[in-house]
Amino acid sequence: MRRAFEELKGHLAQVYDLGRAARLLSWDQQTMMPSGGAAARAEALATLGRLAHERFTSNEVGELLDRLRPYEESLPSDSDEASLIRVVRRDWTKARKVPAELRADIIRAASTGQQAWLQARAASDFPAFLPYLERNVELKRRYVECFEPAGEAYDVLLDDYEEGTTTAEVRAVFARLKEGLLPLIAAVGERADAVDGAVLRGPFPPDRQREVVLGIIRRFGFEDSAWRLDVAPHPFATSFSPGDIRVTTRYGENDLGSVFAAMHECGHGLYEHGVDRALERTPLCSGVSLGLHESQSRLWENLVGRSRPFWRRFFPELRTAFPEALGGVDEDAFYRSVNRVEPSLIRVEADETTYSLHVILRFELEQELVNGTIDLRDLPEAWNAKTKEYLGIDVPDDARGVLQDIHWAGGTLGYFPTYSLGSVMSVQIWEAAKRSIPDLEEQFEAGEFAALREWLREHLHRHGRKFTPKETLARVAGGPIDPEPYLAYLRAKAGEIYGL
């Protein structure tokens, strides 16, 4: 029986390596590849995706899983071996429903769509992007049909990113967020003058930004021997193993978004870096869901990186790096400015309080895309209307509206809800960490982050995909997803800054 388990692991290791090669090509596409390579890269990614899919969904894997049932039942349910068999059986059963050619078509369309999106966004030209969006949506509808969903079609896509969570569950969480956030944002708006927004207007030379960014994320756990920091049009993180972590950011001359984007992506990287090395080259060697992944990026970006203790430690260094912009700014004014609440156009630059409204807007539109209840030609108009409804602002062009995110270009429908689910979970996990490490914020003020990093590694990161997302959250935070701690955190911070 042990021989069958080792056979399975050997088979899975090859699938893992194909996926690792594809991720490397995708990373290169978004950071270094010249635009002329787009068509060839799409074919290479489609080939790797098809090979990995065929290899994973083979009858050989199914036969090994059948042979391993008695072995699985003899093992502790939380052992690495039992978890691997259980997760592979679930993934294999799901993947078998999708034809290999459809998988390849989805990957190919995602690659070509991303390149088309870059050009369309630069020109603010939605009609130029529309054919690629239509292709991605058509393929996703075909993908959904493979599963013959009994519930909502969107459940199928959401399950790819947040296993076991339904559209109805997300809708309930988001309804509570809207109920809590809209009046809070309105109350802040009446006292908007309490925070000076001119503090962060630069100049901030990009070369100095990079040095500041590296100084911060090295403190968090970025290791030069295992990590890279690069530039991408849309910041992201990826990994090829726990010892090969890639994070990106982008630099603007007149803002410090690079700092917060890098802290955000570093949070993703720390999750992947912290997975138990014993799980490497198996499907368990990654974060368990995108919601929990996002909980880590939002935790490091916001709960750590926008806190007073953090800036008590790092603001003097920041002022030294940018004396022209910050020489006359005091720490309190800076802290208030980086926590300013103000509706804005760009999701990745949104403040903590308004951020979830950006996500809810996309969640609602995605369901219409999947269900076919909106003509894709009308998507910019629908986007602009929801932006006005939820954020109270007009969208001046498609580059800052419907074209601002890369996700639909890459065919990742079902992904967006995980951003706000992760924000909600980040506070639940943060509160659990603070109960275990009472002097956490004092450590931040001293520039020490190892205790938090190692607590997260022990209680969350090292497990990879051994448990379901809901089981994992219960283990690390003590219960199911709950928006109330998140709303209380936002109310407390806004109350302090704006005198509510």
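What follows is a chat about a predicted model of a protein.

User: Hi! What does the secondary structure come to?

Analyst: Hi! In this predicted model, the protein comes to 22 helices and three strands.

User: How compact is the protein for its length?

Analyst: The radius of gyration is 23 Å, close to the 23 Å that the globule rule gives for 500 residues, so the protein is as compact as a globular protein of that length. Along the principal axes, the C-alpha atoms fill a box of roughly 70 × 50 × 45 Å.

User: And how much of the protein counts as buried?

Analyst: Of the 500 residues, 58% count as buried. The protein exposes about 19,700 Å², and carbon and sulfur atoms supply 50% of that area.

User: What share of the contacts join residues at least 24 apart?

Analyst: That share is 75%, taken among contacts between residues at least 6 apart in sequence.

User: Charges next. How many positive and negative side chains are there?

Analyst: There are 62 positive and 79 negative side chains. The centres of the two sets lie 3 Å apart.

User: I'm thinking about cysteines now. How many disulfides are there?

Analyst: The count is zero, going by cysteine sulfur atoms within 2.5 Å of each other. For Cys266, the nearest cysteine sulfur is that of Cys285, 18 Å away. Cys285 is in no disulfide either, and its nearest cysteine sulfur is that of Cys266.

User: Is Cys266 buried or exposed, and why?

Analyst: Cys266 counts as buried because its relative accessibility is 0%. Cys285 is buried as well, at 7% relative accessibility.

User: New topic: helix α8. Why is α8 described as largely enclosed?

Analyst: Helix α8 covers residues 153-161, and seven of its nine residues are buried, so the rest of the structure largely encloses it. The buried residues are Ala153, Tyr154, Val156, Leu157, Leu158, Asp159 and Tyr161.

User: What covers the buried residues of α8?

Analyst: The cover includes α5 (80-95), α7 (126-145) and α9 (167-189). It also includes α12 (290-304), α16 (352-371) and α18 (417-436).

User: Which residues is Lys94 in contact with, leaving aside its sequence neighbours?

Analyst: Lys94 sits in helix α5. Leaving aside neighbours within four places in sequence, Lys94 is in contact with Tyr143, Phe147, Val156, Asp159 and Asp160. Val156 and Asp159 are among the buried residues of α8.

User: Okay, Phe449. Where is it?

Analyst: Phe449 is in the loop between α19 (440-445) and α20 (450-459). It is buried, with a relative accessible area of 1%.

User: What is Phe449 in contact with?

Analyst: Setting aside neighbours within four places in sequence, Phe449 is in contact with Arg219, Phe220, Trp300, Val304, Phe310, Phe314 and Phe444.

User: What does Pro309 touch?

Analyst: Pro309 touches Glu441, Phe444 and Glu445, not counting residues up to four places away in sequence. Phe444 is also one of the contacts of Phe449. Pro309 itself is in helix α13 (residues 308-321), and it is buried, with a relative accessible area of 9%.

User: How far apart in space are Pro309 and Asn59?

Analyst: They are 55 Å apart, C-alpha to C-alpha, and 250 residues apart in sequence.

User: Great, thanks!

Technical notes
Residues numbered from 1 in each chain as written. Predicted model: local features only at pLDDT ≥ 70, side-chain atom pairs only at ≥ 80, totals over all residues. Heavy atoms only, no water. Buried < 20%, exposed > 50% of the residue type's maximum accessible area, 1.4 Å probe, protein only. Helix = DSSP H or I, 4+ residues; strand = E, 2+ residues; numbered from the N terminus. Rg over C-alpha atoms; globule rule 2.2 N^0.38 Å. Contact = heavy atoms within 4.5 Å. Areas by Shrake-Rupley, 256 points an atom, 1.4 Å probe, with all protein chains shown as cover. Lys, Arg positive; Asp, Glu negative; His and termini not counted. Charge placed at Lys NZ, Arg CZ, Asp CG, Glu CD.
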